[in-house]
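Please look at the structure shown here before reading on, and keep it in view as you go through the notes. The briefing is meant to be read slowly, one topic at a time.

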Amino acid sequence: MNKTSSILCPGRTLPLSRRDWLRRSFLGLGGIAAADLIARQALAAGPAPSLTKLHYRPAAKRILYIFLEGGLSQIDSYDHKPALEKFAGKPLPDSILPPQFTFAKQGTVIPSPFSWQRWGESGTHASDLFPEVNGRFIDDLCFIHSLHHSSNDHVTAKRVLHTGVPIEIRPTLGSWLVYGLGAMNENLPAYIDITPTDPNRPTGFLPGKFRGASIARPNQKSPELAWENLDPAFTKQDRHLQFLRDFESADGGDPQLDEMELAFRMQTEAPELLDLESESPATKKLYGIGEDHTDEFGRALLLARRFAEAGVRYLTINHASTRYGNLWDQHSELAAGHRGNANSVDRPIAGLLHDLKIRGLLDDTLVICGSEFGRTPTFEYFDGVTGRHQNGRDHNPHGFTTWFAGAGVRAGHHHGATDDFGYYAVKDRVDIHDFHATLLHLMGIDHEALAYFHGGRDFRLTDVYGKVVREILS
Amino acid sequence: MAPPLAANDTWSLKPLVRPTPPAEGNVVDAFIRTRLAEVGIQQNQPADPLTLLRRMTLDLTGLPPTREEIRDLRSEVGSQIDRLLASPHYGERWGRHWLDVARYVQGTIKVPGIAAIDLAEPYRDYVVRSFNEDKPYDRFITEQLAGDLLEGEVSQDRLVAPAFLSIGQWFEECTDPNKLRLDLIDEQISTATRAFLAIDFACARCHDHKFDPVSTRDYYALAGIFRSTEITSHFAEEWKDGRPRALRPLASETELRKSESIDREIAALREERLRFLTKAQKKLAPMAGSAIPGTVLAFEAEHFDGHKDLKTIPLGEGEAVALRRAIEPWVRYRLVLPDPGTYTLLVRYAATDPAPVQLEIEGDVEDRRVIGEATHGETPAHFRWGVVALGERPEGRCFIRLKAGRNEPFPTLDQLVLVKGNLSPDDRAWRERLGTPTAEEARFFLDEADRDILTKLESRLINLQKSRPVLPLTLAVRDGEAPLELAVHPGGNPYVTAGDPVPRGNPALGGSELATAFPIPENTSGRLQFAQWLADPRNPLTARVMANRVWHWHFGTGLVRTVDDFGKQGADPTHPELLDWLACELIESGWSVKHLHRLIMESKTYQSSSAVNPDNLAKDPDGILYSRFPAHRLEVETIYDGMLTSIGKVPRQVSGMPLDTSKSKDRALYILTSSRSPLGMGVEIRKMFPLFGFDDSGRPMHDRDESVTAAQALWWLNNPLPRYYATKLAEKLIKEYPDRPRERALALHEILLGRPPGGEAEAAMLGYADDLVRHQGVGTDEAWTRVVLGLFSSKSFRTLE
């Protein structure tokens with residue numbers, strides 16, 4: 001059990017020395033054995049890795065997590081349930097107990113409004129919500145149909161997905177990865193949230209330098225995505241940096257200004273990375289850039305690919321609307337809502353997979369796509385003249401689907417299953433700790449050995465739980 | 001499971017014994033230098049007087065020294081310490097330190113549940129006041145845990161202080177009320193035990209503490225105390241109802257009784273009026289109702305298309321929509337208009353007090369005040385119709401939103417009717433068609449004599465309401481009706497218990513004699529006894545923990561590095577005897593925190609230079625042996641206040657005078673949690689804080705994150721906030737020293753860094769400005785703005801050195 005001895009956890013050997021830790025981060029990897037896997041992966045001047053060596057040969061060097069905020073309905077996308085047709089208009093049978101808590105009164109079963117077919121050589125049953133992804137890449141995808149947790153509202157469910165716990169503020173998977181692995185590109189943060197709804201996602205007990213940097217549209221009118229406080233218009237930067245160096249050393253201070261220098265390098269490198277104009281028209285077309293429905297998300301995903309290429313380790317790309325928040329939250333108008341949302345992401349996601357593939361990036365990049373929870377087989381009870389129609393589904397954290405593609409996962413594989421109505425995960429259930437353990441494993445980390453000492457004990461992303469879902473590993 | 005470790009295994013639980021100083025002279029120095037001598041290093045020379053002035057001024061007041069103070073520096077260090085300790089700004093600085101431990105956040109910060117803490121300011125001001133008054137720390141503990149239970153005259157401090165238990169992070173979206181109830185107790189236990197004991201009892205909620213002598217029985221004995229304490233105004237089982245924090249008027253018993261008696265009179269008069277109106281109503285022949293001409297749509301209010309902070313309640317046979325919680329509630333309806341034209345919406349509602357709402361159509365504010373005249377009650381008899389003119393509308397979808405102001409009441413809504421055409425509110429024709437008139441409307445039909453009686457009633461009511469004192473509210477903590485005891489919940493599971501309820505009581509870790517020294521009377525929660533146990537000089541942890549915190553806040557590191565963990569997993573003290581000596585001094589001085597400041601600041605250890613001496617670095621790399629003053633990053637509040645004060649925005653208040661918060665209101669302590677948006681940059685200010693290590697999530701901050709990040713560097717370069725202050729300061733300096741750039745540079749350096757620049761620093765500043773102007777085509781204002789920005793982002797500006 002005690003594998004902590006295999007890692008150098010800065011909090012493990014108390015008294016924890018903050019200055020020591022900072023200094024180590026300034027040194028970057030210089031002070032760490034060059035023969036290990038991380039060093040071969042990268043030479044970084046960002047936060048130093050806390051792990052001196054990886055526990056496994058990593059299948060993935062980076063993760064792109066496409067997050068469909070609000071709750072993609074599993075039973076309208078990838079979890080095919082013929083029973084929904086049979087029971088249409090009827091209550092769920094007694095064998096499917098209602099959960100302890102639902103948001104609204106539970107209505108009768110509604111069938112999926114989408115048409116279903118088998119796709120690809122794997123013959124995967126999927127709806128026509130994502131025709132481009134399914135038509136071109138279904139055999140590349142690996143599904144877990146049995147994810148589950150118990151948080152029924154968006155706020156805590158998203159926290160569960162990102163941090164493993166619903167209520168307390170803990171570090172996100174991204175922060176843990178940067179804490180464990182450090183950065184790959186000395187000019188860029190190692191963890192980036194693209195169009196997050198929560199731009200200041202806290203790092204919990206991990207120091208602030210492990211925070212994800214956030215990229216968003218500076219305003220509703222601008223299609224371009226931008227970095228907060230990054231302004232290439234600050235001219236004569238070199239001269240300013242020179243002044244800072246002169247001033248610090250004249251002032252008897254330390255002329256080493258690593259963070260300031262990283263900021264300047266970001267100012268130099270990031271505008272180029274953020275500028276999608278250097279991409280060919282064909283590539284832009286691939287992501288649906290320039291077309292009404294897909295322009296926004298296409299830009300986000302193309303940018304994600306550029307960052308991935310530049311060495312960012314962990315990216316979340318959130319499909320959410322700043323005005324409405326939980327875009328995929330179809331308590332009513334499921335058919336129109338899901339269709340509209342899918343239309344804005346289908347082409348960009350297919351474009352991303354294609355692009356990663358032809359660039360050879362999919363070999364060491366893991367793409368994940370899913371939501372904070374799925375939706376119920378029944379409609380949500382709301383009626384009346386001005387009220388909602390009985391054509392939407394409630395939240396369902398008890399069994400939902402997420403797909404994976406690329407590095408380290410078994411293409412065309414389906415893991416786990418829900419009951420006949422897609423309500424509860426019943427076979428090979430995967431909880432969030434298992435999910436996180438598996439992601440850390442794919443990045444070369446033993447989830448039991450990545451720990452941070454805080455408030456009198458070691459904390460882990462997976463707490464005291466989690467087992468790697470080996471069945472999905474290639 | 002292994003039994004909990006015995007208390008005597010842990011250094012921090014051994015009885016506190018006053019150590020003998022190892023040498024003559026300043027005792028702090030004696031302990032520190034003995035240790036330095038052991039490893040064979042010399043303490044640094046004293047810092048130069050200006051560096052020390054800046055260090056002490058920032059340390060005690062959170063503000064840099066003024067130029068006058070820099071120029072007039074003549075007095076002895078001792079009298080400077082006295083002046084700074086007497087400064088009203090001292091409480092703002094050291095009170096903020098305590099607020100970190102007490103997990104104080106509030107206001108606009110977006111954490112679920114946190115938004116509901118609207119009245120934490122009185123607690124904040126209490127903490128500031130307590131530090132300024134040098135309130136004995138044992139009293140400070142007792143007031144925060146049990147101020148409401150203390151004997152003697154009720155004071156403002158006693159009423160406000162227990163908010164310490166109430167300002168925690170709550171989860172309004174928690175779906176299980178039974179779990180939530182235990183979560184709230186856990187939050188109180190965890191915060192209090194970490195704050196006062198530096199041992200987190202929360203581990204023992206699920207199992208005996210793995211490392212420290214805290215058993216589940218200890219935990220549930222305390223949990224019983226907090227279970228017997230009420231911090232919510234009610235605890236609805238329906239999660240959507242939220243759990244509002246209990247409030248009470250900030251007033252003495254006499255004032256309360258006076259106000260309550262007026263309330264009773266008002267209620268009686270309202271009853272009388274209702275009886276009168278009902279009688280009058282019965283005289284009227286019932287008017288037969290029929291549909292209103294032009295009715296397009298009639299529907300129940302509960303058929304909304306979205307709402308915030310509202311709930312559906314039973315009303316007579318049907319249902320109505322009513323207020324859940326008073327923070328900008330609204331309700332939205334989606335209407336479908338059959339064709340273009342003028343429309344009117346009739347709304348049947350009731351409201352005890354006036355509750356005007358704002359009308360929004362398709363997101364645009366159409367009318368700031370519609371419906372919502374008081375109907376003086378909310379029984380079915382009180383409902384009446386209000387008229388909402390929608391004006392000219394195109395056909396098709398039309399979103400209507402009715403929204404209350406912040407903290408304003410919302411009327412209870414029953415039915416809505418959409419009609420085509422323009423209806424006047426005073427038109428009796430349509431009113432009569434809507435069925436039996438309500439009691440209020442019966443006024444229209446009263447005769448002269450009855451109307452007179454009614455008018456007199458109303459004027460008496462109005463006068464009474466005017467004479468009712470407006471009592472400010474504060475968060476309330478009180479004992480529940482009957483004390484409750486909790487059995488152990490293994491694994492923290494609210495639905496599983498093991499064994500009998502654990503009697504309420506104090507933990508055993510301070511020794512069994514102390515644990516039983518304060519028996520809890522039958523009819524009280526036991527908070528007071530818990531506070532007495534904590535504040536007892538025999539408690540081995542309390543004084544040690546606070547002495548260590550004071551040291552930590554001075555030096556940036558504690559004598560115990562883990563300031564919130566004095567348990568087995570925490571760090572051992574680097575200077576155990578010094579810590580114990582300080583703890584004894586704290587107790588014997590009558591728990592005076594200012595006494596500790598003097599002891600520490602008068603030492604050569606505190607006054608030594610922060611220069612890193614290469615010879616000492618190997619033996620004391622982190623400065624924890626105090627061969628030098630360990631330079632450390634200032635908290636974000638001090639950085640922000642430093643910019644603010646550079647353009648004269650914080651008038652200094654005179655030492656020895658009480659704090660005038662109105663003069664200080666722009667300081668970071670206040671601005672973060674107020675809704676003020678100075679310079680229109682409230683958003684930028686609120687974003688700045690988390691960027692510099694301020695955790696705004698509502699959990700305790702025992703040790704601020706001092707990370708230096710690239711995001712901060714970008715912020716210094718490009719964010720409008722530092723640029724604003726830099727521009728203002730540059731303008732000011734150019735105006736004051738138009739042709740004298742050297743004096744300009746001198747002033748700038750003194751204002752921001754507290755001392756004149758050395759020759760090279762001056763040359764760097766002048767050279768940069770000159771270069772920008774002469775060779776880069778930049779204007780003088782912009783050039784100096786950049787020089788200021790450079791100094792803002794310099795290590796000296798953001799470091800206590």
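Chain A has 474 residues, of which 55% count as buried, while chain B has 801 residues, of which 47% count as buried.

**The two chains in outline**

- Chain A contains 12 helices and 19 strands, and among its contacts between residues at least 6 apart in sequence, 72% join residues at least 24 apart.

**Confidence in chain A**

- The mean pLDDT of chain A is 83, and 83% of its residues reach 70 or more.
- Over residues 1–45 of chain A, however, the pLDDT is below 50, although this stretch has 82 contacts in the model beyond near neighbours in sequence.
- Residues 383–387 of chain A also have a pLDDT under 50, and for them the model has 17 contacts beyond four places in sequence.
- Where pLDDT is low, the predicted coordinates should not be read in detail.

**A pair of helices in chain A**

- Two packed helices are described by the angle between their axes and the distance between the axes.
- Helix α7 (residues 237–250) of chain A and helix α8 (residues 258–274) of chain A have axes that come within 11 Å and cross at roughly 180 degrees.
- An angle over 145 degrees counts as roughly antiparallel, and α7(A) and α8(A) are therefore roughly antiparallel to each other.
- On the side of α7(A) the contact is made by Q237(A), L241(A) and L244(A), and on the side of α8(A) by M260(A), E261(A), F264(A) and Q267(A).
- Sorted by class, the residues in this contact of α7(A) with α8(A) are 4 nonpolar, 2 polar and 1 charged.

- H433(A) has its place in helix α12 (residues 432–442) of chain A, and H433(A) counts as buried because it has 21 C-beta neighbours inside 10 Å, where 20 or more are required.
- Leaving aside neighbours within four places in sequence, H433(A) is in contact with G164(A), T462(A), D463(A), Y465(A) and G466(A).
- L473(A) lies 40 residues from H433(A) along the chain, and the C-alpha atoms of these two residues are separated by 16 Å.
- T195(A) is found in the loop between β6 (191–194) and β7 (213–216) of chain A, and with 24 C-beta neighbours inside 10 Å it counts as buried.
- Most residues other than glycine have a negative phi, but T195(A), which is not a glycine, has a positive phi of about 45 degrees.

**A loop residue of chain B**

- D134(B) lies in the loop between α6 (121–132) and α7 (137–146) of chain B, and its phi, near 55 degrees, is a positive value in a residue other than glycine.
- D134(B) is buried, because 20 other C-beta atoms lie within 10 Å.

**An open sheet in chain B**

- Strands of a sheet pair through backbone hydrogen bonds, either parallel or antiparallel.
- In chain B an open sheet of 5 strands has the order β4-β7-β12-β9-β10, with antiparallel pairing.
- The edges are taken by β4 (306–308) and β10 (364–370) of chain B, each of which has a single partner strand, so one side of each is left without a neighbour in the sheet.
- From one strand to the next, the twist of this sheet averages 20 degrees.
- Strand β9 (residues 357–361) of chain B pairs with β10(B) in the antiparallel sense over 4 bridges, and V357(B) stands opposite V370(B) in β10(B).

**Strand β13 of chain B and its partners**

- In strand β13 (residues 412–420) of chain B, 7 of the 9 residues are buried, so the strand is largely enclosed by the rest of the structure.
- Strand β3 (residues 295–300) of chain B pairs with β13(B) in the antiparallel sense over 5 bridges, and F299(B) stands opposite L416(B) in β13(B).
- Strand β8 (residues 341–350) of chain B runs antiparallel to β13(B) and is joined to it by 8 bridges, with Y349(B) opposite L413(B) in β13(B).

Note on methods. Residues numbered from 1 in each chain as written. Chains lettered and ligands numbered in written order. Predicted model: local features only at pLDDT ≥ 70, side-chain atom pairs only at ≥ 80, totals over all residues. Axes fitted to C-alpha atoms, helices over the stretch in contact; angles between N-to-C directions. Helix = DSSP H or I, 4+ residues; strand = E, 2+ residues; numbered from the N terminus. Parallel < 35°, antiparallel > 145°, perpendicular 65-115°, else oblique. Contact = placed C-beta atoms within 7 Å. Nonpolar A, V, L, I, M, F, W, Y, C, P; charged D, E, K, R; others polar. Pairing = 2+ DSSP bridges. Buried ≥ 20, exposed ≤ 12 C-beta atoms within 10 Å, placed from the backbone. pLDDT = per-residue confidence, 0-100.
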